[in-house]
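Colleague: Hi! I'm new to this one. Could you bring it up and walk me through it?

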Amino acid sequence: MQTLTPDIAEQSGKRAIERCHTLSKISEMDNGILRQYLTEEHKRCNQVVADWMTDAGMTKWQDEVGNQWGRLESKSANAKRLIVGSHLDTVPNAGAYDGILGVMLGIELAELINSTSLELPFHLDVVGFCDEEGTRFATTLIGSKALANEFDPQWLDITDNKGISMAQAMEEFGLDPSKATDAALLPESLLGYWEVHIEQGPVLEDQQQALGIVTAIAGAKRAMLEFIGQSGHAGTTPMHLRQDSLVAASELILAVEQLASDCKNGEVATVGFIDAKPGATNVISGKTVISLDVRAQKDADLDILINKIQQRAEQIAKQRKLKLGWQWTHAADAVDCDENIMDLLQQACSINEQAFNSGHSPKLPSGAGHDAMAVAPICPMGMLFIRSPGGISHHPSEAVIEDDVTKSIAVLYTALFELQKKF
Ligand code: HGY
Ligand code: MN
Ligand code: MN
């Protein structure tokens with residue numbers, strides 16, 4: 001049967017949401033959600049998720065960089081792998097669903113298939129990626145890039161804010177840093193990658209739609225900028241003799257907002273972090289570090305905006321007689337979703353539209369980055385978005401509508417059913 005009954009879909013959706021709440025308790029924060037790469041919380045979360053994968057009839061393993069895997073084995077010889085998943089790490093003070101829900105829905109899908117007599121002609125692999133947010137070590141998509149053979153051994157030397165290197169953290173976690181690149185997958189073994197994710201924006205809510213088919217994922221670049229001036233006494237240093245790094249950074253932050261706002265194709269730029277040293281009330285700041293995150297649907301637009309920001313930063317540094325440091329920490333090209341997977345998801349939405357009253361599921365681009373963009377170089381990928389009430393994400397008020405999650409599992413199930421029919 002290619003569709004779920006509403007009560008089964010509802011039961012699955014409910015449990016996926018409940019499990020997101022269970023995992024939200026595994027946090028480094030007392031009064032919020034934070035789960036970073038290679039922490040005890042990461043380890044605990046993988047253990048809990050592995051148990052749920054076992055309950056769903058899957059075999060499970062953790063790979064060389066700490067991604068958690070489950071597999072519903074196919075009996076077909078030389079079976080390829082369909083991977084369904086998302087990430088299990090979070091930003092600080094996160095919501096409960098960003099990434100997590102996509103992994104839980106993958107496990108629900110496996111459980112539903114396992115409870116039927118359906119013999120899949122391909123393995124159904126569910127993955128919980130270990131680090132999509134890049135919160136602990138200033139690089140991101142570590143788990144998914146490792147699959148695409150893009151784990152950069154230089155990352156092993158990156159240290160967190162306590163001075164612990166990624167290599168050290170891997171060893172303490174029980175991983176062998178020298179084996180990290182072994183997490184790479186053989187592209188020829190892959191059928192595709194599907195990711196269900198909350199939209200994290202206002203579009204579906206604005207269109208009163210539960211689900212959306214993602215067309216492309218915006219390109220993104222991230223950097224850490226450093227203004228080096230001269231610390232000095234706040235009381236004795238005349239204004240015209242100052243080399244104030246905090247004021248220079250502030251001038252650039254306002255310029256970043258203006259330059260991005262002046263763009264015409266939806267480009268966005270954000271400074272989310274600032275650290276001024278020595279950070280005393282009565283001391284002029286000699287060194288200020290800020291983060292920079294720039295996104296655009298087209299790589300050419302991204303580079304145009306970044307060039308404008310770089311020129312402005314150099315101009316400010318020159319005018320204020322400061323030194324400017326610029327360290328790139330992340331770059332991911334804009335990537336299109338696979339047409340066949342988009343069609344399959346659209347077909348599954350249409351098949352379920354009546355039974356679940358799930359609307360026409362519009363197509364839309366993703367402004368947020370996702371593991372799917374890192375997997376794209378090795379296999380076709382597609383994404384299904386679930387409405388974000390209030391368009392809120394990366395915040396405790398991040399929410400989902402239970403009925404929308406019910407619809408998403410029904411669509412996922414039908415899409416898998418339609419896919420296996422093609423074999
Ligand atoms: O930043 C992003 O786009 C994603 O949520 N990590
Ligand atoms: Mn996120
Ligand atoms: Mn995410």
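Modeller: Happy to! Keep in mind that this is a predicted model. Let's begin with two helices: the crossing of H9 and H11 is right-handed.

Colleague: At what angle do H9 and H11 pack, and how far apart are their axes?

Modeller: H9 covers residues 339-356 and H11 covers residues 402-421; they pack at an angle of about 125 degrees, and their axes are 8 Å apart. That angle makes H9 oblique to H11.

Colleague: Which residues in H9 and H11 meet?

Modeller: From H9, the list includes Leu344, Leu345, Ile351 and Phe356, while H11 brings residues including Lys407, Ala410, Val411 and Leu419. By class, the contact of H9 with H11 has ten nonpolar, four polar and two charged residues.

Colleague: About lysine 407: is it buried or exposed?

Modeller: Lysine 407 is buried, because its relative accessible area is 6%, and buried means under 20%.

Colleague: And what does lysine 407 touch?

Modeller: Leaving aside residues up to four places away in sequence, lysine 407 touches Ala210, Leu211, Phe356, Asn357 and Ser358.

Colleague: Switching to the metals, what coordinates the manganese ion (ligand 3)?

Modeller: His87 (NE2), Asp98 (OD) and His197 (NE2) coordinate the manganese ion (ligand 3), at 2.1 to 2.3 Å. Along the sequence, those donor residues are spaced H-x10-D-x98-H. Histidine 87 sits in strand S3 (residues 81-87), and aspartate 98 is in the loop between S3 and helix H3 (100-114), eleven residues apart.

Colleague: Histidine 87 and aspartate 98: buried or exposed?

Modeller: Histidine 87 is buried, with a relative accessible area of 1%. Aspartate 98 is buried too, at 6%.

Colleague: How far apart are the manganese ion (ligand 2) and the manganese ion (ligand 3)?

Modeller: They are 3.5 Å apart, and aspartate 98 coordinates both.

Colleague: What are the donors of the manganese ion (ligand 2)?

Modeller: For the manganese ion (ligand 2), they are Asp98 (OD), Glu133 (OE) and His394 (NE2), at 2.1 Å. Their spacing along the chain is D-x34-E-x260-H. Histidine 394 lies in the loop between strand S16 (381-386) and H11, and aspartate 98 in the loop between S3 and H3, so this pair ties together parts that are 296 residues apart in sequence.

Colleague: Last one: how accessible is histidine 394?

Modeller: Histidine 394 counts as partly exposed, because its relative accessibility is 39%, whereas aspartate 98 is buried.

Technical notes: Residues numbered from 1 in each chain as written. Chains lettered and ligands numbered in written order. Predicted model: local features only at pLDDT ≥ 70, side-chain atom pairs only at ≥ 80, totals over all residues. Heavy atoms only, no water. Axes fitted to C-alpha atoms, helices over the stretch in contact; angles between N-to-C directions. Helix = DSSP H or I, 4+ residues; strand = E, 2+ residues; numbered from the N terminus. Parallel < 35°, antiparallel > 145°, perpendicular 65-115°, else oblique. Left-handed = near helix turned anticlockwise from the far one by under 90°. Contact = heavy atoms within 4.5 Å. Nonpolar A, V, L, I, M, F, W, Y, C, P; charged D, E, K, R; others polar. Donors = N, O, S within 2.8 Å, 3.2 Å for Na, K, Ca; no water. Buried < 20%, exposed > 50% of the residue type's maximum accessible area, 1.4 Å probe, protein only.
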